[in-house]
Amino acid sequence: MRNPWIVLPAALMLLALSACGDHGGPEQATMAYGAAAPTAKMESADAAQPGSDPANAGQGLAAMLAYEHHVGVQLEAQLIQDRQQAVQAACNEGRFGACVVLNMNQQGGDRPSASVTVRIVPEGVEPMIALAGEGARVGSRSTHAEDLAVAVRDNAQMEDRLQREMERLQQFQQRTDLAVADMIALSERIASVEAQLESVAREGAQYQRRIQTQLLTMNFHPPSMESGRSEVGQAIREAVGTLSLGTAWTIRTVAFLAPMVLVLAVLVLVIRRIRRRRRP
């Protein structure tokens with residue numbers, strides 16, 4: 001019988017090399033995301049297989065887009081807070097579909113503004129924008145899409161490789177002729193692969209979340225005329241403040257220099273008297 005101290009390390013080395021060389025097929029990539037994974041994912045994984053035509057590889061990558069929308073709404077200053085709360089309530093209640101509030105900002109004073117960032121299902125984007133801009137004016141709107149097809153494909157292939165390696169490691173673990181040192185090394189490798197599998201699964205879930213939902217940021221601010229008036233008022237107040245500050249510094253400067261001026265005046269008088277006495 002062969003010495004297990006020699007057989008197991010060599011087997012583990014061959015296992016690691018074979019795991020790096022394996023490329024999971026489309027069936028494994030689909031299983032990594034569950035039975036509900038879209039067919040496009042299978043096509044993306046299949047497009048990256050060795051031996052496929054590089055010219056057609058890009059065509060096999062289905063569009064998996066993560067959308068982000070930014071909308072600017074011009075609204076009366078006194079209505080901004082109420083509209084922000086209305087948007088937040090509509091998202092929390094799921095009025096336009098599954099939705100979660102990610103961020104809220106509010107600024108008061110002379111230039112009030114507010115913003116709400118939500119992640120919502122695609123069919124709820126337009127109704128939410130309509131609610132935010134009801135009775136107001138949508139001043140600006142931009143949409144950005146990030147293609148995650150390659151990232152999803154690579155993530156699926158990585159998960160498939162790790163699953164294959166885990167199966168082989170579990171097969172080695174069932175052997176009864178392993179030395180204690182080999183069992184420890186095998187357990188450490190299994191724990192490492194399990195941690196990598198969990199990380200890959202989390203990353204894959206995040207990709208799916210970004211594809212299946214869309215990020216929507218709504219910024220509320222008063223119309224430009226109100227904003228201009230606020231800026232003029234702010235400039236006047238800043239000028240008054242600057243004048244007050246300059247006056248205060250002038251008073252402090254005079255108060256600081258007054259004793260020195262008094263001492264200098266006394267010295268001049270003393271010097272003059274001394275000169276007068278010395279004259280013949």
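The model is predicted: local features need pLDDT of at least 70, side-chain atom pairs count only at pLDDT 80 or more, and totals for chains, interfaces and linings use all residues. Residues are numbered from 1 along each chain as its sequence is written, and side-chain values use heavy atoms, with hydrogens and water left out. The protein has nine helices and five strands. Helices (H or I, at least four residues) and strands (E, at least two) are DSSP runs, numbered from the N terminus.

**Overall fold**

- Along the sequence, the elements follow the pattern α-α-α-α-β-α-β-β-α-β-α-α-β-α.
- The protein has 280 residues, and 32% of them are buried. Buried means under 20% relative accessible area, exposed over 50%, and partly exposed in between (1.4 Å probe, protein chains only).
- The accessible surface comes to about 17,500 Å², and carbon and sulfur atoms hold 58% of it. These areas come from the Shrake-Rupley method with a 1.4 Å probe; for residues, only the protein chains shown count as cover.
- Among contacts between residues at least 6 apart in sequence, 78% join residues at least 24 apart. Contact means heavy atoms within 4.5 Å.

**The sheet**

- Five strands form an open sheet with mixed pairing, in the order β2-β3-β5-β1-β4. The edge strands are β2 (99-107) and β4, each pairing on one side only. From one strand to the next, the twist averages 10 degrees.
- Two strands pair if DSSP finds at least two bridges between them.
- Strand β1 (residues 65-74) pairs with strand β4 (residues 137-147) in the antiparallel sense, over ten bridges. Here Y67 stands opposite A145 of β4.
- β1 also runs parallel to strand β5 (residues 214-221), joined by seven bridges. V73 has F220 of β5 as its bridge partner.
- Strand β3 (residues 113-120) pairs with β5 in the antiparallel sense over seven bridges. In β5, L215 stands opposite R119.

**Helix against helix**

- Two packed helices are described by the angle between their axes and the distance between the axes. Axes are lines fitted to C-alpha atoms, for helices over the stretch in contact, and angles run from 0 to 180 degrees between N-to-C directions.
- Helix α5 (residues 80-92) packs on helix α6 (residues 125-132) at about 155 degrees, with the axes 9 Å apart. That angle makes α5 roughly antiparallel to α6. Angles under 35 degrees count as roughly parallel, over 145 as roughly antiparallel, 65 to 115 as roughly perpendicular and the rest as oblique.
- The α5 side of the contact consists of R83, A86, V87, A90 and C91, and α6 contributes M128, L131 and A132.
- Helix α8 (residues 180-212) and α7 cross at roughly 155 degrees, and their axes come within 9 Å. These two helices are therefore roughly antiparallel.
- α5 passes α6 in a right-handed crossing, whereas the crossing of α7 and α8 is left-handed. A crossing is left-handed if the near helix is turned anticlockwise from the far one by less than a right angle, and right-handed if clockwise.

**Helix against sheet**

- α6 lies across β1, β2, β3, β4 and β5, at about 10 degrees to β5.
- α8 lies across β1, β2, β3 and β4, at about 50 degrees to β1.

**R153**

- R153 sits in helix α7 (residues 149-173).
- R153 counts as buried because its relative accessibility is 17%.
- R153 and G204 are 51 residues apart along the chain, with 9.6 Å between their C-alpha atoms.
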